[in-house]
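The sequence and structure come first.

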Amino acid sequence: MNKKAFNPFEMAQRQLDDAAAVLQLDPAVHELLRWPLRELHVTLPVKMDDGTTRIFHGFRVQYNDARGPNKGGIRFHSGETVDLVRALAAWMTWKCAVVDIPLGGGKGGIICDPKSLSAGELERLSRAYIRQVGRILGLEKDVPAPDVYTTPQIMAWMMDEYAFMQGYNEYGMITGKPLALGGSAGRGDATARGGMYCLREAAKALNLELKGATAAIQGYGNAGSFAHKLGVELFGLKVVAVSDSRGGIYNPDGLDFAKVSAHKAKTGSVIDFPGSKCISNEDLLELDVTVLIPAALENAINEDNADRVRARIIVELANGPTTPEADQILHDKGSYVIPDFLCNAGGVTVSYFEMVQNAYDYYWEECVVHERLEKKMTSAFWAVHNAAQQHRVHNRLGAYLVAVNRVAEAVRLRGWA
Amino acid sequence: MTHTPPESSKILDIYLLIAQYPMLASDIRRRMRAELFRRGIITHQRFEAEVNEKAVLSQEREGLIGDQKEDAEQWELRWSRVRRTLTDFYFAYNLPIEILYHILDDLLMHQADGRSVQPDHSLPFNPELAPLEMVLRQAEKYEALPDEERDAVDHHLQELRVVLLKSMVSDQLAFIHIAKRWFTTTDFNMILERRIGTGKIGGKAAGLLLAYKILQNMAPEIFEKIVLPRSYFIGADVFYDFLAANKLEFLNQKYKTAEQIRLEYPKIQEQYTCARFPEEVAQQLREILRDVGKTPLIVRSSSLLEDNFGMSFAGKYVSVFCPNQGTLKENLRDLTLAIRRSYASVFGPDALMYRRRMGLLDYDERMAILLQEVQGHRHRQYYFPAVAGVAYSYSPIVWNTRLKREEGFMRLVMGLGTRAVDRMAGDYPRLVNLSHPQLRPEVMPKAIRYYSQHFVDALDLEQNTLTTVPVESILGPDYYPLRWLVSVDDGETVRPPLTLGLSIDPAQLILTFDGLLQRGTFVPLLKTVLTRLEQQYERPVDIEFAVSFTPGSSKPTLAFHLLQCRPQNQWSAEDRKTQSLPTDLPAQDKILLCTRMVPQGRVSQVEYIVYVDSEAYHQLDTPADYTEVARWIGHLNKSLEGRTFILVGPGRWGSSDAMQGVPVTYADIFNTRALVEVASNQRGFSSEPSYGTHFFQDLVEAQIYPLAVYPEEPRDHFNWDFIRQSKNQMSKFFSQQTKASRCIKVIHIPAERPGHHLEIIMDGQSGLGYLTRSKPTHLQ
């Protein structure tokens, strides 16, 4: 009866185990990849606005840097646990590997409630974290980025603190910085754009025409709204339904991006958009469309509704929108899933571009970022597609196969196992 | 309606005043006549001739005709009496009573000089029965005494002030108890000068003047920044004159049934719209309109019961903006229409039902009007205050443990304060806890933008109307307070504006008020205002205010316009009666008790508890199952629409990490009245409550109360037995169930305890949910 609580790190290990089994991975390499290589736990004294000092705790997990410096966000969250950070660091390792950028995976976090901290306190906490963790960070070691409740502003403070510690500027020690301080052009829509390039390749693989094809988007935040814009701009998709946390809208003749986003900006939601029919988030998933883009909720597609999903291609811009059970159902019925850690890897890819630009201290035009992102995503897509076809597995497992194989190869070449 | 000329009461006042000085009376009248002659009001000869004429006429009136002449002594007596009356008459009709006071003071001074006697400061009349003018003059006389003599008459002065307050301001004892310390004759004279008609000026005006007086006396260090809007009062008696003049029906609505009240209200509104104002009132309103020119006005209800201790009547009576941009005739029409609408609201179902609930039906409620210039400036075609808000000296809500309730709280908006007072779906005022003005319930730039004010209420001076406009159509470099109100959202950071150059894009601006909150004197000033008012009111208060800025300063140089003050609702005597937590409950009736970060409020007549069982929830196998629980909650939210229900579940409602709580979105829960988080450490699942922070502003605006109960802590309580033993009604809503839906228990309270419901009372310290017997519907 006394069941153990769900442990995200154990889940990450199980996912690796599945891939390792298909790959018949060397047991020592497999065992090495099941654990983080390094963890640093830190204690941070911070002067509060009222003159008192509060002690915070944080960590940085460097999961595996066989392929290059670790890469992964820093989270500020009161419910932060080291197991969650380990799991997220593992997933970063596979994500960087699947898009074939020369980076490993990491993640960090501070246990804090940012809603109870003033801007000054947040700044002092961010700087305190870098003073402790800075010794294992750097362009060649480990490069953090924004994550839960961390912002470009926080990245700027952290970069500044690190520069003081080193005695020189090293912009590339962190990404997601403001544009005015070494950020990269093209980051705003990077996630959605990467997903759209994958969609284009998937359509090729399936011999589908995207021009005029119908699409539904669940979630209208950054990724979802850019997917609407880019889907129309790049391929002429007909987006017939979109939704946000308050509900969805449907118009079989298509929804105009500019008008819908203006409506959302004005009213706070897409619902009640003139000329559209109101639908629920659940109904949206079951629409008869060619492309379904879950861009908001985890586990939106699950064993209960997977059967009723009618889309030909599912573009997973959200993290974890499809459950493992649903994955199998979709695979069996012939739906083509572009799995999340491939599909939304556009973000980390542009982060990598930011590092590269910082290292050269030369900044690219936005079109150059798009062009290079396109190349990366296209080749990543085909690597995953081919692996899945070759091993007759669904695409998620296919993506794991590609990623784990790449990391394992680096581990072996380095002579670690 | 008959009106007694005001001079009649003046003659009486003069008569009564002189009657207090029987030995000096002749001298006084002699001096009065001298004053009349000196000023050329009448010549000496003409006056004496008129005395003769009137004396002869009085002989005839009394039957002395022809030979029945009276003797010289009697004639002399008659003649002197007529002369006395005529003196009073001419004086009353032609000269202000102040001159009589001067005559009196002068005579008394000479008396004192001549005889070296101590001045007599006794109160020579009963103020309760005396004319208002006489009471006021006596009070003035006392106030003018040197300090050493003042002490001896202080008790009389208090009595006089109390009588003046009762007849001119408010007869509510709790108010008088405080106000008598602060109001002086200058204030009463100001009210008289600015009052139309007779009667009290009502609760809202009373509260505003009192607060202003308290700050004048108790907050000298900030008082130069406090502005009292130019105000006029329409006395409460005019309300009755209006009813009588128009022979309006529906006078005793309050004793009708709720249904009749509701049905007949539209007719009343229609009747009032067509009714006419007494001409003398209309004339005075016309004069006010001439005085104020094109400055916009607001007609604010100020009923006798309104804003008093224990009954706020918040939102029950109508206040109306008059942009005042038409011709004089049009403006008068709009102004009187606004007043008529406010009058009609006395008979509105909301107000009458509220009075019925509070036991106030038998009170002779009348509507006075507080007519004020709208505080603001013109920007483009719009007129609005740069900032407006409501502030509470004791914060009704907190969203983290650092925030101190006793330092106060406010809701800030740009433009007219209607958006701070009212709750608007999808638009948000800035919530500020004054202990930590920089903290807000949001962190990420997107959330800060989303939970900000998107629309501004303003008066459109070109269209002569109240309007609502998107913020970006008002914000721009040409708006000088911009720096104090906005942050720039460049898509990556939300930061203070560095420059306000012409290139600034209004679409990038978010109303955060950070400049105002972080720099300058605003927050300390507001805290001083609230603290001083709370100290003198002897209970927490809430105020409405507006802020204006002086252009061209590197720090926000501001003026603080006080618009309203009243005792904070939940802390007033009457509400305490209904708001206090019962202490004698049987254990089985007590469902939950929370003691951390409890808001103030009440959720009545709860019919359903939707409970997510922590243990079953954490037994679920996959992340998808957790999400499914959230979707089931969403289904229940829909199914229970129109019913009163609360949600009770483990840990953090709305967490993106399902292990920490059910990952609902706001769309899944918006019909609930309370969101209860059970912080349990059972079986190793530690769930730290979020207090609703995942959608805190949505909860605040929808008045959904976030509560957290710690069952394992001694002060808190959660009735596990009731929850476990109750029958699960889930199958009545959904025939098919899943593993996930089985975590959810729907408890129908009347099914468990016939005739009962759940009541939740939150007093800011504790929140208690208990079972109580439901009243029959007709008594609710």
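In helix 1 of chain A, P8(A), F9(A), M11(A) and A12(A) meet D83(A), L84(A), R86(A), A87(A), A90(A) and W91(A) of helix 3 of chain A; contact requires C-beta atoms, placed from the backbone, within 7 Å. Helices are DSSP runs (H or I, at least four residues) numbered from the N terminus. By class, this contact of helix 1 with helix 3 of chain A has eight nonpolar, no polar and two charged residues. Ala, Val, Leu, Ile, Met, Phe, Trp, Tyr, Cys and Pro count as nonpolar, Asp, Glu, Lys and Arg as charged, and the others, Gly among them, as polar.

This is a predicted model, in which local features need pLDDT of at least 70 and side-chain atom pairs count only at pLDDT 80 or more, while totals for chains, interfaces and linings use all residues. Residues are numbered from 1 along each chain as its sequence is written, with chains lettered from A and ligands numbered from 1 in the order in which they are written.

| Helix pair | Axis separation | Angle |
|---|---|---|
| helix 1 (residues 8–23) and helix 3 (residues 82–98) of chain A | 7 Å | about 30° |
| helix 2 (residues 25–38) and helix 4 (residues 72–94) of chain B | within 10 Å | roughly 50° |

R29(B), M32(B), R33(B) and L36(B) of helix 2 touch R84(B), T87(B), Y90(B), F91(B) and N94(B) of helix 4.

Between the chains, the contact takes 35 residues from chain B and 34 residues from chain A. Helix 24 of chain B gives the largest share of the chain B side, four residues.

Note on methods
Axes are lines fitted to C-alpha atoms, for helices over the stretch in contact, and angles run from 0 to 180 degrees between N-to-C directions. Helices (H or I, at least four residues) and strands (E, at least two) are DSSP runs, numbered from the N terminus. Two residues are in contact if their C-beta atoms, placed from the backbone, lie within 7 Å.
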